[in-house]
Structures are given as C-alpha cells and as structure tokens.
Amino acid sequence: MASTTATFLSTLARATASLSSSTVPCGAKVVRFLPAQTSSRRRALLSAPRAAVSGTEKAQPAPSSDKGKSKEERVLRVHNTEEFDSALKASKNRLVVVEFAASDSESSSQIYPTMVQLSRTCGDVDFLLVMGDESEATKELCRREGITQVPHFNFYKGAEKVHEEEAIGPEQLAGDVLYYGDSHSAVVQLHSREDVEALINEHRGDKGKLVVLDVGLKHCGPCVKVYPTVVKLSRSMAETTVFARMNGDENDSCMRFLKDMNVVEVPTFVFIRNGEIVGRYVGSGKGELVGEILRYNGVRVTY
C-alpha cells in the first residue's frame, strides 16, 4: 500500500504543476464555523456548528496527450440510472467519484485527463463518467442527482453521497480523492473518543511518539487542501510521530470530543506527548504545520 500512496502523491504533484500561477495558494486559511467568542461562549455555541463548505477553483487545462483511452484507464462510463445504481452498489464501501460532463463543455474535457490519471493510480477508488447530454436516460440521471452545471463531481460511499464539487481544478480533485478515499496511508483514522484515548495510551511513556491529531470537518476546503501534506509527513516522520485524523461531524461522539477540546476552527492540529496536550496549530499553512511538528519534536525552529 505504501507504493500506492507514493504513486498517488506523484499524481497529485503532477496535477498541482499543471495549475497556472494565478491559482490561489492554500496559505494559512482556516474555516471558522463559530464566531469568535470567549471560551465559555464558545462552549455554549458549539452544540450547533455550521458545517464548512469548501471553496471552488477555476478548472485549468490538462495535458491533451491524456485525452485518449488506454488499457490502464479505469473510468467506467454509465449510460442510465440502472447502470449507475448498479455501479454504486458493487463498490460497497469504496469511494466512488463520478464526473457529470457534457460533450460541448470545454471545462469537462480539460478536467477529464486528471480523472484518467487518478483512475490509474488509485486502486481503492472507483471512477464513473456520466455524459449528461448523451441521451434522455443520462439527462434523467442528472436530474435525479440534482446536476445543473458541468463538470460536476459527486463522491459516494456505500451508495450515499458524501461530498460534491463544481468548477474545480486538478489539484483540488486529486486532494478530494485522497481526503475522502483515504484507506491506505499511515494516517490513523479515528471515529470516536475511545479511538483517541486508545491511541494516546498506546504512545505514553519515554519511548512514546508525538501524536499529531488532525481535526476537521467532512466538507472543509482547507482541511482537504492540507491533507496531502499530512499524508506525506505521516510517511517521512514515521519514526518519531504518529498522525491521526478525526472529522468532527462524523458522529455525535466526535462532535462531543470537539466541544471538550474547545475546537472552534478547522483544521486544528492537536499535539499530544505522553498523554498530555502540549500545543495546537490552527490553519492550513504547510510550512507552519511542519515547523510546529518539528518544534514539538524538540527541533529548534527559527522563523
């Protein structure tokens, strides 16, 4: 699986390189889903947070050399609702990425090569293509799925839609696939308070590693953008650091954990050493995140 992750990250790097210099960088942007308040006020408001909605980027041209079909391509084209539903059912709990496109859409043709590249490297993700203007059957499928503009991407797990995007570029598409389909990286996936406590207890003591807990939301643009960096760090710092992730809006247990941790902005990275919280970083700045991790690992960092 390590080779799969490395190949995926190589694809992500190529997709990033294809973006023009006008693309807005990630920076240190955070999503605030509660207004700034005093600590007591924050705890009172956190019971009903608003889920963050990720932003969109203009689609950028992709290499024309990838437009042709190849034997390695795993994008399945579906032609009606029956084929669509059957494909979702067959995928079970695997991530399914669906591009809704149109034959006369330049943006659709530009983003499709990225789909092809990802289909070749992400063996644990299924990719579908629906040409909305192909027939009355595909038009009906688009109406059922609420598609009004193309290219439009829907992400499904267990036949349930977990995310959707419009007018995105190659970098964000690749990041979304990694974020919602991650099942092969060294990042530990946490789904409850008990999972967090078990991980912390596992790394207590003098020989315990630094635990970096990435707390986010399912539909958070900055959380998605910084996650490929988290995956890379989980591999390069494996000897000293354990990386884990929790989506606060996954279930009630996760949301209660966010309340108790007084998390009001995402992404928030909590640093834990020997069972104690030693610090946190709020933001999606890649350089700042690396600097904080090094600092809590005892490496002197100057800015």
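At what angle do helix H4 and H6 pack, and how far apart are their axes? In this predicted model, local features need pLDDT of at least 70 and side-chain atom pairs count only at pLDDT 80 or more, while totals for chains, interfaces and linings use all residues. Residues are numbered from 1 along each chain as its sequence is written, and side-chain values use heavy atoms, with hydrogens and water left out.

Back to the pair: H4 (residues 106–121) and H6 pack at about 35 degrees, with axes 10 Å apart. Axes here are lines fitted to C-alpha atoms over the stretch in contact, and angles run from 0 to 180 degrees between N-to-C directions. Here is who touches whom, with contact meaning heavy atoms within 4.5 Å.

| Helix | Residues in the contact |
|---|---|
| H4 | Ile111, Thr114, Met115, Leu118 |
| H6 | Pro170, Leu173, Ala174, Val177 |

By class, this contact of H4 with H6 has seven nonpolar, one polar and no charged residues. Nonpolar covers Ala, Val, Leu, Ile, Met, Phe, Trp, Tyr, Cys and Pro; Asp, Glu, Lys and Arg are charged; the others, Gly among them, are polar.

Eleven of the twelve are buried, meaning under 20% relative accessible area with a 1.4 Å probe, protein chains only. Among them are Gln172, Asp176 and Tyr180.

Zooming out, the protein chain has ten helices and twelve strands, and 50% of its 303 residues count as buried.

Conventions: Helix = DSSP H or I, 4+ residues; strand = E, 2+ residues; numbered from the N terminus.
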